[in-house]
Amino acid sequence: MNGPEIMQHFVFRNGLAAPPSQPAGQETEKELPVLSVAIFGSDYPGSKWTVNAKEGDRVSCGDAVLRDRHDHRICVVSPSAGTITAIERGARRTIARVVMEVDQNVELPFDCELLKDEPDSDRAAVIAFLLRAGLWPALRTRPFDLVAAPDGTAAEIFVNACHPTGNSPNPALMYQHEFRWFSRGLEALGIMAGKSVHVCQSSEIPLYEGSDPKINCVRFSGAYCASLTSTHVHAVKNRSSNATVWTIGWQDVLAIGQMLVSGTVSWQRKIVVGGDAAKTRLSIRTPVGSSLRDLSSGNVHHPSGKTPVTVLSGDPIAGAVSSHLRRFDDVATLSVGEVDAAIAHGSEPVRPIIPKNRLLNALPFGKPSLPIMRALLSNDFETAHRLGADWMVEADVAQLTRQCASGADYGVLLRRALNSYAGQPA
C-alpha cells in the first residue's frame, strides 16, 4: 500500500453497539433459487424516472428499465432476465416499485456482456462505461444523498467497505480474483476523483495494496455508527471545504472492477441472511432486489406458535420492512416480533419525545440528537440544516427511530428536509 504503513484509525463509541451475528456460529454458504426481483424508485432519492417498459414485457439482464427524465444517460437496469409483472406508482405518479419474474430457463440470468472497450486513464470514458452498464446510480452525493451528476465533479470519493454487524458480508474475505477486481474498481474511481479515494474499512489489513497515490485506506471501529458513511465523511473530509463528495459501497466497486477487467457486468451481490428468527446464518450470492420471501424460505425459526416473524431488508437497526431486498442493502434480517406500526409506515408521531440517555448519544460523530429531533419533527429545516442534517442520511437517524418513544420515523422526516435543501418536492 502507498503512504504510511499504519492506517489512520478512528474509534467511535457513541450510540448503539454493533449487533452480533445471529444465530451464533459460522455462516453457511448456500444457493437459493430467486423467483422475483424488484426495483424501487425510492432507492434513488431526487431522481425522476420514466419507465421503459410495460407489464408483460420480457427484459434481458442489463436492459434499461428506468431512465432519469432530466438526464437520459442515467438509467436503472434490470438485474435479471425475466418478465415485468407489476409497475406500481406512488404519490405524484412517481415509480414506487417495478417487479420482475425471473426467467429460470436463462443459464446466467444475473450477468450481462458489454462491449469490452476498457478505459485506461480517460475520465470521460470511465463515466460513459458506468452509464452504459447501469452502474452509475451506485455513486451518491454528500450532501443530500442524491445520484451523482455525470457532469459533476468530486474531489473525494468515499468507499464504504465496513461490515457494521455480525450478519454483514465481510469484504476482507473476498477471493483473490475479487481483490484484483476491487483494486481495478478503486483505480477507476481514482480517475474520476479530483483528489482522493478513501477506502473506509473495518479490517486491520488494507483492502488495497496497489500503487495509486490517490487511494487511501482508513480503518473505523467501535459502535454501530463507525460503519456509517456519514461518520467516514465527517472524520476524513477536508474541513476547509464544503465541496460535494461522492460515496459508493464496496460491492459496487467490485462490480465496476469486474466489468472493466472481464467486460461482464454481474448483478449478483453477496448478502447474509440472519437474525434472531433465523435457523441458520446463510451467506448467499443473489441478484440485486431479490425477493425476501425467496431468501428466507425454509430458514425461519418460530420461538412459539403465536410469535410473528418480521423480515427486514437491512440490519436490525436501519433495516425496513420490504417485499424485496433494497438496492443498497446486503443483509436480510429475520426478526422475532413486529416492527412498530408507526415506524413501518412512516406515519406522523403520536407520542411526545421522552429524553433518554441512549437518545443523547445516538447520532454519529457527536451530533446533538434532541435538537435535530425537535427540528425534524417541527419541519424546522433551517435549524436542522445548521445542525448538519444536510450531510446525513436515513441510516444515521435509524437509531433515533428505534429508541424514541414518539413513534416517529426520523428517516422519513430527514428525507423531507433533504428534499427541501435540494429543491425537490417534499
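**A helix pair**

Select helix 8 (residues 369-377) and helix 11 (residues 410-421): their axes come within 9 Å and cross at roughly 70 degrees. Helices (H or I, at least four residues) and strands (E, at least two) are DSSP runs numbered from the N terminus; axes are lines fitted to C-alpha atoms, for helices over the stretch in contact, with angles from 0 to 180 degrees between N-to-C directions. Helix 8 is therefore roughly perpendicular to helix 11, a term for angles of 65 to 115 degrees.

This is a predicted model: local features need pLDDT of at least 70 and side-chain atom pairs count only at pLDDT 80 or more, while totals for chains, interfaces and linings use all residues. Residues are numbered from 1 along each chain as its sequence is written, and side-chain values use heavy atoms, leaving out hydrogens and water.

Next, display the side chains of M373, L376 and L377 in helix 8, which meet Y410, L413, L414 and A417 in helix 11 (contact: heavy atoms within 4.5 Å). The residues of this contact divide into 7 nonpolar, no polar and no charged; Ala, Val, Leu, Ile, Met, Phe, Trp, Tyr, Cys and Pro count as nonpolar, Asp, Glu, Lys and Arg as charged, and the others, Gly among them, as polar.

Now select the open, mixed sheet, whose 6 strands follow the order 1-14-13-12-15-11. Strand 11 runs antiparallel to strand 15 (residues 245-249), joined by 3 bridges. Finally, select R142, whose bridge partner in strand 15 is V245.

Conventions
Parallel < 35°, antiparallel > 145°, perpendicular 65-115°, else oblique. Pairing = 2+ DSSP bridges.
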